[in-house]
Amino acid sequence: MAMKEELLQLLNVETLHDHIFPYLDISALRQVSLTCNTLADLVESHLAYTSALIITQRKTLKERHLAVLARKTKNLKYLDLSGCSDGVTDQTLKTFIYNNYGLKLLNISKCYRITAKAFTIEDDILEKPDVINALGSLEIFIANWCRMINGAVIVSLSHAPLRVLSLAGTWYIDDEAVTDCTTFFSSLECLNLNKCYKVTDKSIKHLVSCKGLRVLKLSSCWRVSDSAIAHVVEGCAELAQVALDDCRSVTRKFLSEMSEQGLLLLEGSKEGAEVKWDSSKNYLVDNFIF
């Protein structure tokens, strides 16, 4: 006990918060909190203060543990839960959202249990102060391979100033959902719809409303053809990167023409590409180069 007290005297609160705790993962923070009551209080204070929480590829993380953690956060701007397939449920994600109104980046890729309910404001919390501001600062939303994400989620996010929207591999994103994206998110710079098989030319042509679009990913969108892509390229002067591999209605001649015009043709379906696109870091660089 005396050794613990001496250690605490050497490490002041600012040192712990600014130079030690930010470099520890959740497991390490938990071990620290079990050391003594004082450190447990400091860890809890850190979780309430921290602006970034990254818990990725933790398939065995239990829902109850993540729920406790969610209740302790208050100031998150950056939340990455990608790959936590079992622990992230609708209710757990709701807790994170309603406790952290200032979220700017949310990555829930491969959180297979998430549905539209996670983004729906329920009647019993409508009276909560400022609840309407939940996700009102969100700029980057990554939900690749979240099978149950649908158009209702897009509507729930309609008040968010989204710049990046990544919905690769979602089963229910269709033309209506994409059209809603162009209506609500005119400031979009990066849109990833790869393997969204229900998307067709009809909605892709509406992307001309997003004048600042720089990156468009449509790999394996079989119903998208040359004419729709040409329409977007003509209407979006900032467009610099496009992923069209395995688009069966896009011709090789057209791809060659796009390449000659200076468009960078990304690879979206080859080994490793999907994992790379799930990474939050890719969407934080200025040019969104993958």
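Modeller: Let us begin with residue classes. Ala, Val, Leu, Ile, Met, Phe, Trp, Tyr, Cys and Pro count as nonpolar, Asp, Glu, Lys and Arg as charged, and the others, Gly among them, as polar. With these classes, the lining of the second largest pocket has 11 nonpolar, 4 polar and 1 charged residues. Please keep in mind that this is a predicted model.

Biologist: What volume does the second largest pocket have, and which residues are the closest to its centre?

Modeller: The volume of the second largest pocket is about 310 Å³. It is lined by 16 residues, and Phe-21, Pro-22, Leu-24, Thr-50 and Ala-52 are the closest to its centre. Two or more lining residues come from each of H3, H4 and strand S1 (52–54).

Biologist: How should I describe the largest pocket in the same terms?

Modeller: The largest pocket has a volume of about 500 Å³. Its lining comprises 21 residues, with Ile-26, Arg-30, His-65, Val-68 and Leu-69 the closest to the centre. Helix H3 (26–33), helix H4 (37–49) and helix H5 (63–72) each give two or more residues to this lining. By class, the lining of the largest pocket divides into 10 nonpolar, 5 polar and 6 charged residues.

Biologist: H3 and H4 were named for the linings of both pockets. How is the packing of two helices read?

Modeller: Two packed helices are described by the angle between their axes and the distance between the axes. In this model, H3 and H4 pack at an angle of about 145 degrees, and their axes are 7 Å apart.

Biologist: Which residues meet where H3 packs against H4?

Modeller: From H3, Leu-29, Val-32 and Ser-33 take part; from H4, they meet Leu-39, Ala-40, Val-43, His-46 and Leu-47. The contact of H3 with H4 has 6 nonpolar and 2 polar residues, with no charged residues.

Biologist: Let us turn to single residues. Is Val-178 buried or exposed, and why?

Modeller: The general idea is a cut-off: a residue is buried under 20% relative accessible area, exposed over 50%, and partly exposed in between. Val-178 lies in helix H8 (residues 175–184). Val-178 counts as buried because its relative accessibility is 1%. Leaving aside residues up to four places away in sequence, Val-178 touches Ile-173, Leu-193, Val-199 and Ser-203. The C-alpha atoms of Val-178 and Leu-207, which are 29 residues apart along the chain, are separated by 8.4 Å.

Biologist: How does the cut-off apply to Thr-95?

Modeller: Thr-95 is found in helix H6 (residues 90–99). Its relative accessibility is 18%, so Thr-95 counts as buried. Again leaving aside residues up to four places away in sequence, Thr-95 touches Ala-70 and Arg-71.

Biologist: Which class does Ser-259 fall into, and why?

Modeller: Ser-259, in helix H11 (residues 252–260), is partly exposed because its relative accessible area is 42%. The C-alpha atoms of Ser-259 and Gln-241 are separated by 10.0 Å, the two residues being 18 residues apart along the chain.

Biologist: What do the totals for the protein chain show?

Modeller: The protein chain has 12 helices and 9 strands. Of its 290 residues, 49% count as buried. The accessible surface comes to about 14,300 Å², and 52% of this belongs to carbon and sulfur atoms. Among contacts with a separation of 6 or more, 73% are between residues 24 or more positions apart.

Definitions and conventions: Residues are numbered from 1 along each chain as its sequence is written. This is a predicted model: local features need pLDDT of at least 70, side-chain atom pairs count only at pLDDT 80 or more; totals for chains, interfaces and linings use all residues. Side-chain values use heavy atoms; hydrogens and water are left out. On a 1 Å grid over the protein atoms alone, a cavity is a set of points where a 1.4 Å probe fits but cannot get out, and a pocket is an open set with protein on both sides within 12 Å along at least five of seven lines; lining residues have an atom within 4 Å of a point. Grid points are joined across faces, edges and corners, and a volume is the space filled by probe spheres set on the points. Helices (H or I, at least four residues) and strands (E, at least two) are DSSP runs, numbered from the N terminus. Axes are lines fitted to C-alpha atoms, for helices over the stretch in contact, and angles run from 0 to 180 degrees between N-to-C directions. Contact means heavy atoms within 4.5 Å. Buried means under 20% relative accessible area, exposed over 50%, partly exposed in between (1.4 Å probe, protein chains only). Accessible areas come from the Shrake-Rupley method with a 1.4 Å probe; for residues, only the protein chains shown count as cover.
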